[in-house]
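I opened my notebook to look at how the inside of a protein is packed. Come along and check each entry with me.

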Amino acid sequence: VYIIQSVDRKMPIEMIAKNKGLEMDELLTEMESIVNAGTRLNLDYNINSSLGADEQEELFDYFRTTENADLEEALNEFDDVYSQEEIRLMRIKFISDLGN
């Protein structure tokens, strides 16, 4: 509940992780669980600060054209281009927007 409320208040994800005593990887895993359970998270405020519109579109289109939006495949595909955090945030956005 804290994560959902913090995202709704547009709190930086680094601050959410710190306040929950989580590493960034752990927070992203929690967020993935939240959206996989059917709850929407609007992370645009955070994504917009690190990725431009073209970059977001590239990643969103990638997930749209893959069969199951597999994280490992995306990490392999974009390893040299985007950080793991950026890829995971865009995957969370994709699942939240189109999967729910």
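Is Phe94 buried or exposed? I looked up its relative accessibility and found 12%, so Phe94 counts as buried, the cut-off being under 20%. I also noted that this is a predicted model.

**Entry: ring pairs.** I looked for aromatic pairs and the count came to five. In one of them, the ring centres of Phe60 and Phe94 are 5.3 Å apart and the planes stand at 70°, so I wrote down edge-to-face. Phe60 sits in helix α5 and Phe94 in helix α7, so this pair ties together parts 34 residues apart in sequence. Phe60 is buried too, with a relative accessibility of 12%.

Next I checked Tyr62 and Phe78. Their ring centres lie 5.1 Å apart with planes at 85°, so I logged this pair as edge-to-face. Here helix α5 holds Tyr62, while Phe78 is in the loop between α6 and α7, 16 residues apart. Both Tyr62 and Phe78 are buried.

I then listed one aromatic cluster: Phe60, Tyr62, Phe63, Phe78, Tyr82 and Phe94.

**Entry: the core.** Which residues touch the most other members of the largest nonpolar core? I found Ile13, Leu27, Met31, Leu43, Phe63 and Ile87, in a core of 32 residues. Helices that each supply at least two residues of this core include α1 (2–8), α3 (24–36) and α7 (84–99).

I followed up on Ile87. Leaving out residues up to four places away in sequence, I saw that Ile87 touches Leu59, Phe63, Leu71, Ala74, Leu75, Phe78 and Tyr82.

A reminder to myself: in soluble globular proteins, nonpolar side chains tend to be buried together.

Methods. Residues numbered from 1 in each chain as written. Predicted model: local features only at pLDDT ≥ 70, side-chain atom pairs only at ≥ 80, totals over all residues. Heavy atoms only, no water. Core = buried A, V, L, I, M, F, W, Y, C linked by side-chain atoms within 4.5 Å. Buried < 20%, exposed > 50% of the residue type's maximum accessible area, 1.4 Å probe, protein only. Helix = DSSP H or I, 4+ residues; strand = E, 2+ residues; numbered from the N terminus. Contact = heavy atoms within 4.5 Å. Phe/Tyr/Trp six-rings, centres within 6.5 Å; stacked < 30°, edge-to-face > 60°.
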